[in-house]
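This report walks through a protein chain one part at a time, beginning with a group of ring-bearing side chains and then moving on to helices and strands. Please keep the structure in view while reading.

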Amino acid sequence: MDLQASGPPSDSPAAETWRQLAITWRNRALLLLDHLPFPVAFCDGDGVIFLANPAMAAEWGMFSGQMVGHNALDFFRPRTDARLHPIAEAVRLRRRARYPVEVTWRASNGVERYGEMDIDPVSDTPDAPLVLMLLLRTVGEKTEPDAGDPAEPTPVSEVEARILALTAAGDTTAQIAKSVGLTADGVNYHLTRLSQRWGVRGKAALVARAYSLRVLDSTQWPPAP
């Protein structure tokens, strides 16, 4: 005895109604994506972009369709490749979590920008292949030093400096996350990166190092960059 799949037959009026409803909601979702003011893109598990909204494409002076088929790494440079390994593992093991990655890129006006990209493995159904949703948050732009000034590399980004100042003031991770517009995991990610960069362990040592490098102003209270 043959068992038919549950649901209306593919040629039934009910099936046609479901198809039209699916098309309607797909079009609404695409319209919403087009009008979002912040950059969003979707790519497959290998990082190849198949959908990008105008805000994302505008970073390079492109149209959305021009980004399709390119790898996301053609546009962004992660601060460290090590942050990509957990994402590849999440796709392989079908894990769903948010992975913040610090990235830099050169905008259409030639200015070097830096920020944080949240990467979320998602799928339409539990059994469907995972795709990656990319949400870009611009933090700032790199400025060139004046010709008469000695070239001193900035030891931290603007968001890192704010996190350090709030840490020095005694704020909790949750309070810092709310203040700078990141998740708690994003704050911990920045603190861990700074600790690794400066070779220190613990928040107290991290704050002390920030003062010794003049990242934090020792003459001000509350602490400030």
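In this predicted model, Trp-60, Phe-75, Phe-76 and Trp-105 come together as one aromatic cluster. A pair of aromatic rings is described by two values, the distance of the centres and the angle of the planes. By the rule that ring centres must lie within 6.5 Å, the count comes to four aromatic pairs, and two of them are set out in the table below.

| Pair | Centre to centre | Angle between planes | Arrangement |
|---|---|---|---|
| Trp-60 and Phe-75 | 4.9 Å | 55° | tilted |
| Phe-76 and Trp-105 | 5.6 Å | 70° | edge-to-face |

Each of these pairs links distant parts of the chain. Trp-60 sits in the loop between α2 (54-57) and α3 (64-67), while Phe-75 belongs to the loop between α3 and β3 (77-78), and the two are 15 residues apart. Phe-76 also lies in the loop between α3 and β3, whereas its partner Trp-105 is part of strand β4 (residues 99-106), 29 residues apart from Phe-76.

Are these side chains buried or exposed? Trp-60 and Phe-75 are both buried. Phe-76 counts as buried because its relative accessible area is 4%, which is under the cut-off of 20%. Trp-105, at 0% relative accessibility, is buried as well.

The strands come next. Six of them form an open sheet in the order β2-β1-β6-β5-β4-β3, with antiparallel pairing. At the edges of this sheet are β2 (49-52) and β3, each of which pairs on one side only. Strand β1 (residues 40-43) runs antiparallel to β2 and is joined to β2 by three bridges; Phe-42 has Leu-51 in β2 as its bridge partner.

Helix α4 lies across β4, β5 and β6, and runs at about 125° to β4. Helix α7 also packs on the sheet, where α7 touches β4 and β5, with a direction that makes about 65° with that of β4.

Which residues of helix α4 (residues 85-93) are buried? They are Ile-87, Ala-90 and Val-91, and because they cover an arc of only 100° around the axis, they lie on the same side of α4. After α4 comes Arg-94, with a positive phi near 60°.

Gly-181 follows α6, and the phi of Gly-181 is positive, near 80°.

Terms used
Residues numbered from 1 in each chain as written. Heavy atoms only, no water. Phe/Tyr/Trp six-rings, centres within 6.5 Å; stacked < 30°, edge-to-face > 60°. Helix = DSSP H or I, 4+ residues; strand = E, 2+ residues; numbered from the N terminus. Buried < 20%, exposed > 50% of the residue type's maximum accessible area, 1.4 Å probe, protein only. Arc of directions from axis to C-beta. Pairing = 2+ DSSP bridges. Contact = heavy atoms within 4.5 Å. Axes fitted to C-alpha atoms, helices over the stretch in contact; angles between N-to-C directions.
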